[in-house]
Amino acid sequence: MGFSSRLCHSPISLKIDLLGQSIGPWRDVRTGFSLRSNGSELCGQRVARVGVDLHCEWSFIGGSRVIFKPKLARCVLYQKSSGVYASWLSSSQLASSVFSLGTVAVLPFYTLMVLAPKAELTKKSVESNIPYIVLGLLYAYLLYLSWTPETISMIFASKYLLPELPSIAKMFSSEMTLASAWIHLLVVDLFAARQVYNDGQENQIETRHSVSFCLLFCPIGILTHVITKAVSKSSRTS
């Protein structure tokens, strides 16, 4: 449904029913109604499901005027010539979904390494590079979404081109940046847990406690593995 620019030059007649009340010389009468259209053209693209509120304000002093207020309950853009369809999803919902998905994705590998370290299924699962590829691509996508022109300046904020804590804290104030950092930690922690597990299998060392620490406290998991390996070697030599 289109609106012509000649609307502002056309006479507008208003029928006002005030339930028997009289209109004073300084009283404004406002009426409003909504118009909806199935589609319209905007800069060569088609906008679907756009609502428009048309408000008419009238007074004895100022006359009448018409105000158009677009109401975009849901805006869907797509190319006219192609079938490309783009929908909008809030960054908060996307960050929350990726955070949960990444956490759930790595749990089966830790479960197998802790509960069944000598099983063939565990060895084949740990040798697979699929989780690192999937999480790596997901991390790259989140990094792309969270990247801003100020990101580099916040990372290298000092005059010596070194990170500073206030700038890093400001950068991680975004939920999308936090979600990408969480995926980064999950990938690194899982890789470290795999290294600890493989080293334990090769040298016949207990690694279940170290792998468990690697899930949330990766440096502590690596430290406990180093200590366990040193104690095991000393006991064998003695």
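**Entry 1: a first residue**

Does Tyr132 count as buried, partly exposed or exposed? I looked it up, and Tyr132 counts as buried because its relative accessibility is 16%. My notebook calls a residue buried under 20% relative accessible area, exposed over 50%, and partly exposed in between, using a 1.4 Å probe and protein chains only.

A note on the ground rules: I am looking at a predicted model, where local features need pLDDT of at least 70, side-chain atom pairs count only at pLDDT 80 or more, and totals for chains, interfaces and linings use all residues. Residues are numbered from 1 along each chain as its sequence is written, and side-chain values use heavy atoms, with hydrogens and water left out.

**Entry 2: the overall plan**

I found 8 helices and 5 strands in the chain. These elements are DSSP runs, numbered from the N terminus: helices are H or I with at least four residues, and strands are E with at least two. Along the sequence I read the pattern β-β-β-β-β-α-α-α-α-α-α-α-α. Of the chain's 238 residues, 27% count as buried.

I also looked at contacts, meaning heavy atoms within 4.5 Å. Among those between residues at least 6 apart in sequence, 54% join residues at least 24 apart.

**Entry 3: the largest core**

Which residues touch the most other members of the largest nonpolar core? I noted Tyr110, Met113, Ile183, Leu190 and Val211, out of 23 residues in that core. Helix 1 (91-115), helix 3 (130-146), helix 6 (175-203) and helix 7 (208-216) each give two or more residues to this core. Helix 6 supplies the largest share, with 9 residues. For the record, a nonpolar core is a set of buried Ala, Val, Leu, Ile, Met, Phe, Trp, Tyr and Cys residues joined through side-chain atoms within 4.5 Å.

Then I picked out Leu190. Setting aside neighbours within four places in sequence, I see Leu190 in contact with Val106, Phe109, Tyr110, Met113, Pro131 and Tyr132.

**Entry 4: back to Tyr132**

I searched for aromatic pairs and the structure holds 2. Why is the pair of Tyr132 and Phe191 called edge-to-face? The ring centres of Tyr132 and Phe191 are 6.0 Å apart and the planes stand at 85°, so the pair is edge-to-face. The rule I used: rings of Phe, Tyr and Trp (its six-membered ring) pair if their centres lie within 6.5 Å, with planes under 30 degrees apart counted as stacked, over 60 as edge-to-face and the rest as tilted.

Tyr132 belongs to helix 3 and Phe191 to helix 6, so this pair ties together parts that are 59 residues apart in sequence. Phe191 counts as partly exposed because its relative accessibility is 40%.

**Entry 5: two cysteines**

A disulfide is a covalent bond between the sulfur atoms of two cysteines. I counted one wherever a pair of cysteine sulfur atoms lies within 2.5 Å, and the whole structure gave me 0 disulfides. Cys214 is in no disulfide, and its nearest cysteine sulfur belongs to Cys218.

**Entry 6: helix 8**

Helix 8 (residues 218-237) has 20 residues and reaches 29 Å from its first C-alpha to its last. That is close to the 28 Å expected at 1.5 Å a residue, where the expected span is 1.5 Å times one less than the number of residues.

I listed the buried residues of helix 8 as Cys218, Gly221, Thr224, His225, Thr228 and Ser232. Seen down the axis, they fall within an arc of 115°, so they line one face of the helix; the arc is that of the directions from the helix axis to the C-beta atoms. These buried residues pack against helix 6 and helix 7. On the face turned away from the buried side I found the exposed residues Pro219, Val231 and Thr237.

**Entry 7: a loop residue**

Where is Gln204 found? I located Gln204 in the loop between helix 6 and helix 7. Its phi is near 55°, a positive value in a residue other than glycine. Most residues other than glycine have a negative phi. Gln204 counts as exposed, with 56% relative accessibility.
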